[in-house]
Every structure is written in structure tokens, then in C-alpha cells.
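Subject: A structure for you to explore

Hello! Here is the structure I promised to pass on to you. Have a look around it first, and then read on for what turned up.

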Amino acid sequence: MSEKEKEINNEELNEVKENVVDKENEKTSNEEVISENSTDENSAVSKNDNSKEVTLEDNDNWEFEAEAPTLDSEIKLGNDYEINIPESKEPTEIIDFQKKDDQIVINKKSLKVTLTVILSVIIVALLVVLGVFFFNTPNSKEIMNPGNVAAKIGKTNVSVGMYNYYYNGVKNNYIRYAQNGYIDLDPSADYSTQYTVDKEGNEISWLDLFKKDTESQLQYVIAFYEAGVKEGLKLTEKEQENIDQEIANIEKQASDSKVSVSDYLAKHYGKNFGIETLRKTREQFYIANDYYNQKFIDEQVDSEKFEDYFKENQNKYYSTKFACVEMTFDAKDKDSVEKSKELAKKYCSEIKDIKSLKAIIPEASSDLIQRYIDNGYFETKEEAIKALESSIEMTKSGAEIESNFGKEITNWLMSSETSVGSTNYYVDEEHGFIYIFLKTGEPEFDETEVYSVRHILVTPKSESKEEETDSEIQKPTQYTEEEWQAALDSANAILDEYNSGDKTERSFAILAEAKSDDVESTSLGTRGYYGGAIEGTHLGEMVPEFESWAVDKQRKYGDVDIVKSQFGYHIMYFLNDGPAYNFNALRDYKISNYTELEKEYVDACKVKERHGMKKTQVNEVPIVEGSQKNNTK
């Protein structure tokens with residue numbers, strides 16, 4: 001090449017370099033950088049050449065946003081999932097190779113641009129990896145990334161940890177039944193290979209039944225939770241305090257056990273069940289329970305419809321005396337079923353009275369006796385037999401009998417044509433039990449007087465110190481006049497608050513939940529009551545002052561008053577007083593009407609499985625003999 005040609009080429013190269021510098025100064029990095037003399041169309045860089053689209057399953061518009069420079073302007077994950085990435089702010093790199101004094105010189109500024117782009121690509125790759133990890137991984141913090149959403153129920157996302165909590169509760173209940181011999185289930189074997197029947201009589205694996213029951217419980221709670229939230233229900237101060245106290249207790253137990261709180265919770269409640277999950281679970285339950293009970297209170301009794309209901313169902317409200325002995329058999333073995341039925345018929349022909357019924361217990365209930373001993377309830381057969389003999393006689397209402405043994409046995413016991421001393425048997429083929437009956441009395445209505453009220457208890461607050469002993473804290477039983485007066489003032493203030501409102505049973509119940517010192521008659525108690533309810537109460541169960549007011553025959557529904565007892569001041573709300581059979585019928589009538597409302601709420605709250613369901617414990621199988629670890633489907 002001639003010197004002239006070299007000079008021309010150098011001039012052209014310098015011109016290209018000047019163009020690049022101009023574009024850098026103008027910060028137009030997203031423009032294509034090409035030589036003004038180039039005619040090659042392939043030298044242009046298209047922003048869309050390298051874009052890729054990855055589709056993942058729908059998960060309610062969840063977005064993971066990350067920003068880092070790259071050659072592509074965005075990465076789409078499909079179905080509204082995007083990683084938005086700004087366009088590069090640097091020009092396309094140009095490495096200027098110049099030969100000078102027989103050496104190659106590299107443009108360092110262009111090299112810096114190249115390294116920046118490489119680093120940017122690495123960062124983006126790292127973010128994508130972390131994003132995929134975050135996308136797929138459950139957590140115990142109630143962060144609702146797709147990998148932590150096991151199901152969407154209604155409008156509520158259910159985390160993997162919450163699902164595990166409900167699932168383990170269902171599963172452990174069935175395991176306890178199995179350990180006590182009530183169901184045929186091997187806790188050490190794969191639940192998906194063991195079968196039973198559901199409520200509709202269809203064959204179903206135990207795994208599918210656990211899952212079905214889990215989702216039903218979640219659906220029920222969330223249906224009423226969402227309805228309660230929609231109506232504006234919030235936790236009461238006492239409910240919030242109860243949750244905080246439960247968490248504090250768990251933290252202490254974890255500390256005492258020398259394990260982390262997360263490990264403690266995972267062990268006792270399920271994987272990925274953390275403090276946030278516990279709090280959320282309890283909040284949902286309290287609001288759902290409050291709303292359920294408030295709507296139930298709103299259900300008023302139509303007297304004419306109730307009379308019709310009672311006529312159609314009066315057999316349920318008769319009570320009768322009978323004695324019963326249990327036998328067991330192998331529900332899977334047809335020969336065992338038939339032999340057990342024949343043996344039951346034989347026993348029935350031999351039984352004449354209570355004495356002869358007790359005489360068959362050692363033989364008829366031998367399998368059951370051994371189960372009780374194996375499970376530690378009794379040490380010897382003699383102890384078990386004696387316990388069974390003392391518990392075979394009972395008095396039950398028709399409703400209780402029907403729920404346990406069906407209509408056929410109920411009608412037999414309640415029929416005037418069935419004489420005292422008659423025998424019969426009932427076969428529970430699902431659970432492998434046969435019950436041998438001896439009728440010991442005629443059916444009659446239970447006329448025992450019971451009463452129902454709501455109350456808000458205000459106890460005097462003593463300023464004296466409580467004496468602490470080795471066994472318990474002894475609270476003072478004597479209060480000063482000032483303390484009693486302060487309690488009365490508080491009771492009157494609560495009553496004024498009630499009277500200034502709509503003065504309904506529901507508003508009284510809400511006040512009781514918030515104000516009553518008798519926690520056991522509220523949702524925070526262990527008896528299943530709500531709103532200060534003391535229902536179906538027999539005479540003698542409460543203090544005299546309380547009871548005298550409740551059974552006064554002048555009382556009418558909705559009467560309110562303040563009654564003083566040794567425990568403090570009771571703000572009373574009268575519900576009803578009368579025979580036990582009438583109370584039971586009224587309760588069942590309200591429940592039957594309410595069932596339609598329940599169904600309406602629950603049916604509207606659809607269950608949809610999500611990405612995180614694959615991460616729940618429903619996919620784990622028990623450790624089978626010979627296996628070293630759990631297998632996962």
C-alpha cells in the first residue's frame with residue numbers, strides 16, 4: 001500500500017473516531033454506531049434481536065422488578081410478569097486497533113465500555129437466578145411470592161406454611177383416631193396407597209381425604225373471614241392481646257428448648273410456619289369466628305315455622321335409656337365382617353339384662369381392651385373391663401343417637417313397640433365396629449329446666465398485692481367499698497354504652513367480647529361460647545344471685561339488668577328458660593336455617609391451587625420401614 005493510500009485510510013479512521021466521540025458527548029447510546037462510509041445493513045444492531053419470552057403459570061399479577069443495564073430493554077416472563085431493564089447508557093463498544101511503531105495499541109476507553117457491559121450482563125443473570133429462586137421458594141414470613149402461595153381461596157392467598165398448619169391438624173386427628181382403633185390407617189405407610197370412603201360413600205385415598213378436609217376447613221374459615229372484613233370487623237383488644245401472649249409463650253418455649261423460634265414452630269405446626277403465619281392464622285380465625293357468631297345471633301326464630309319443625313323432628317328430642325357394648329372387626333376382611341355379625345346376633349340372643357350384657361365384655365370387647373392397654377389407658381385387662389362395665393349405661397337424646405348410630409337404631413329405641421329388655425346391634429363397616437344395644441327405658445322428653453343468658457362480668461380491681469405461693473397465685477376475695485364502687489361505675493358505663501346503641505342481642509354480644517372479665521364465656525375461652533353466652537345451663541351450676549335472675553318467670557327475651565355476686569357485677573341479657581328438649585329443638589332449628597347461609601358463603605369462596613402447592617407437606621409420604629428418608633412425589 002502506498003503512503004498516499006495509508007494517509008487516506010488514516011483520515012477515514014480518524015473521522016470515524018470523531019463521530020463516536022460526538023455521540024458519546026450527546027449521550028445517544030441507544031443509537032446505532034456505524035461508519036458513515038459503511039453500506040453493510042448487517043452492521044446495524046436491533047434492540048429486539050435478542051429478546052426472549054419465558055411463560056410461567058398465572059399467579060395473580062405478581063411482579064419481580066429489577067433494574068440493570070443490558071443490551072435488551074426488557075425480559076418478559078409471560079402473564080404480566082416482567083423484569084424491567086433500562087436501555088444501556090453506553091455506546092456500542094469500538095475497540096480501536098492502531099499500529100504504531102510495530103506495536104498494537106488498544107483504545108482503553110472503549111475497553112472500559114466493554115467491561116461495563118459484561119459486568120451488567122453478569123448482574124442481570126444473577127438477578128434472574130435470584131428472581132427464579134425467589135419465585136419458586138416458600139418462606140415463613142408470609143411474603144406472597146408465587147412459590148409461597150399454595151392456594152387462592154376466595155380473594156385470599158394461602159401460604160405454604162398456613163396450608164401445612166391446617167393439613168397437619170387434619171392428618172394428626174386421623175392418626176389419633178387410628179391409634180385408638182377407630183379407623184383403619186397405618187401412619188407409617190404411604191397415605192396415597194391406603195383407601196377409605198368419603199361422606200358421599202366414594203372410595204378415596206387417605207391422602208386425598210386429608211387434602212379434601214384441609215381445603216374444606218380453610219375454605220370455611222376464609223369465607224367468613226372475608227365476609228367479616230367486608231363488613232368492617234376488626235380484632236378486639238383482647239383478641240390482639242391473646243395473640244401477642246401466645247407468641248410470647250412460644251418464644252419462651254423455644255428458648256427453654258434451646259431451639260430457634262422458626263425451628264420450634266416448624267416442628268409443632270409444619271414447615272414454613274413462622275410467627276407471621278401464626279399471627280395471620282389467628283387473626284383470620286378470630287374475625288371469621290366473630291362474624292359467624294354475630295350472623296348466627298341475627299337468626300331470629302319464627303314461632304310458626306318452629307312448631308312445624310318440631311312436629312317433623314320430635315323423635316330427636318325424646319331421650320331414652322339404653323346400654324351398649326362395642327365389638328371390633330377387620331373392615332377389609334369380608335369373612336371377618338360376616339363372622340362378627342353372626343357373633344353379635346348370638347350375643348343379642350343371650351342378653352336379658354344389664355348383668356348379662358356386662359358378662360360378654362371380656363370376650364366381645366377383647367380387641368378393644370387390648371388396644372386400650374397398648375395405648376397406655378389401662379395397665380391390666382381387669383382395669384379396662386371394670387372401666388367399660390361402668391360406662392355402658394347411658395341416656396341420650398334421639399338426635400345424639402341418630403348422629404352416632406343412624407335412623408334405624410334411633411327409631412328402634414324410640415318406638416313404643418320396642419319393649420324394655422330388647423336387644424339389637426348396629427354395624428359400622430367403615431370403622432370396623434359393631435355396637436350391641438340393650439333397651440333399658442322408655443323414651444320421654446327431657447323436662448329438666450335449663451336457662452340461657454348473656455352476661456358481661458365486671459370484677460373489682462384490687463390494688464392490694466396478690467399473695468404468691470408455691471402452687472398458685474391466691475387472689476384476694478375481699479374488696480374495699482371503693483373497689484366495689486369503681487366496678488359498679490364501670491358496669492353502669494358499659495350498660496349506658498349498650499343503651500345508647502341499637503340495643504340488640506348482637507350489640508350486647510359484641511360488648512361482652514370487648515369488655516367482659518369472664519373470658520370463658522367469650523371466643524377467647526375453651527368452651528366454644530361467644531358474646532358472654534351461658535346457654536342450656538342446669539340449675540345449680542351458677543352462683544345463686546346470677547341464677548335467681550335468670551330463672552325468674554317474669555323475664556322476657558332481651559331483658560337487661562345488673563346483678564351483683566361475689567365475683568363482681570354481671571350485666572345480664574335474658575335469652576330463654578324452659579325444658580331441655582325445647583332448648584335443644586330451638587338450637588337445632590336455628591342451626592338448620594343457618595346452614596343455608598353457611599353454604600352460600602362457602603360455595604362463593606372458590607378454591608384454586610397455585611404454584612406453591614407443590615411445596616406443601618401434602619406431597620410428602622411417611623417414612624416406610626426400610627426407608628432412610630421421606631420421599632417426595
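Two residues are in contact when they have heavy atoms within 4.5 Å of each other. With that in mind, take the contacts in this protein between residues at least 6 apart in sequence: 64% of them join residues at least 24 apart. Please remember as you read that this is a predicted model.

**The whole protein**

The protein has 633 residues, and buried residues make up 39% of them. Its secondary structure consists of 18 helices and 20 strands.

How confident is the predictor? The average pLDDT of the protein is 81, and 74% of the residues score at least 70. Two stretches call for care. Over residues 2-13 the pLDDT stays under 50, and the model gives them 4 contacts beyond four places in sequence. Residues 15-101 also have a pLDDT below 50, although this stretch has 133 contacts in the model beyond near neighbours in sequence.

**Two helices that cross**

Now find helix 3 (residues 160-179) and helix 7 (residues 275-298). Two packed helices are described by the angle between their axes and the distance between the axes. Here the axes of helix 3 and helix 7 come within 10 Å and cross at roughly 65 degrees. The crossing of these two helices is right-handed.

Which residues make the contact? Helix 3 contributes Gly 161, Met 162, Tyr 165 and Tyr 166, while helix 7 brings Thr 277, Lys 280, Thr 281, Arg 282 and Gln 284.

Why do they line one face of the helix?

Start with Gly 531, in the loop between helix 16 (505-515) and strand 17 (533-538). Gly 531 counts as buried because its relative accessibility is 0%, and the cut-off for buried is under 20%. Leaving out residues up to four places away in sequence, Gly 531 touches Arg 454, Ala 509, Ala 512, Glu 513, Ser 521 and Thr 522.

Next comes Ile 534, in strand 17. With 7% relative accessibility, Ile 534 counts as buried. Ile 534 and Ser 452 are 82 residues apart in sequence, yet 5.6 Å apart in space, C-alpha to C-alpha. Beyond four places in sequence, the residues that Ile 534 touches include Tyr 451, Ser 452, Val 453, Met 542 and Phe 546.

Then there is Ser 205, in strand 8 (residues 203-205). Ser 205 is buried, with a relative accessible area of 5%. From Ser 205 to Gln 194 is 11 residues in sequence and 5.5 Å in space, C-alpha to C-alpha. Apart from neighbours within four places in sequence, Ser 205 is in contact with Tyr 191, Ser 192, Gln 194 and Tyr 195.

**Two lysines with a positive phi**

Most residues other than glycine have a negative phi. Lys 258 has a positive value, with phi near 60 degrees. You can find Lys 258 in the loop between helix 5 (237-256) and helix 6 (261-269). Is Lys 258 buried or exposed? At 75% relative accessibility, Lys 258 counts as exposed.

The phi of Lys 503 is positive too, near 55 degrees. Lys 503 sits in the loop between helix 15 (481-499) and helix 16, and it is partly exposed, with a relative accessible area of 47%.

Enjoy exploring!

Note on methods
Residues are numbered from 1 along each chain as its sequence is written. This is a predicted model: local features need pLDDT of at least 70, side-chain atom pairs count only at pLDDT 80 or more; totals for chains, interfaces and linings use all residues. Side-chain values use heavy atoms; hydrogens and water are left out. pLDDT is the predictor's confidence in each residue, from 0 to 100. Axes are lines fitted to C-alpha atoms, for helices over the stretch in contact, and angles run from 0 to 180 degrees between N-to-C directions. Helices (H or I, at least four residues) and strands (E, at least two) are DSSP runs, numbered from the N terminus. A crossing is left-handed if the near helix is turned anticlockwise from the far one by less than a right angle, and right-handed if clockwise. Buried means under 20% relative accessible area, exposed over 50%, partly exposed in between (1.4 Å probe, protein chains only).
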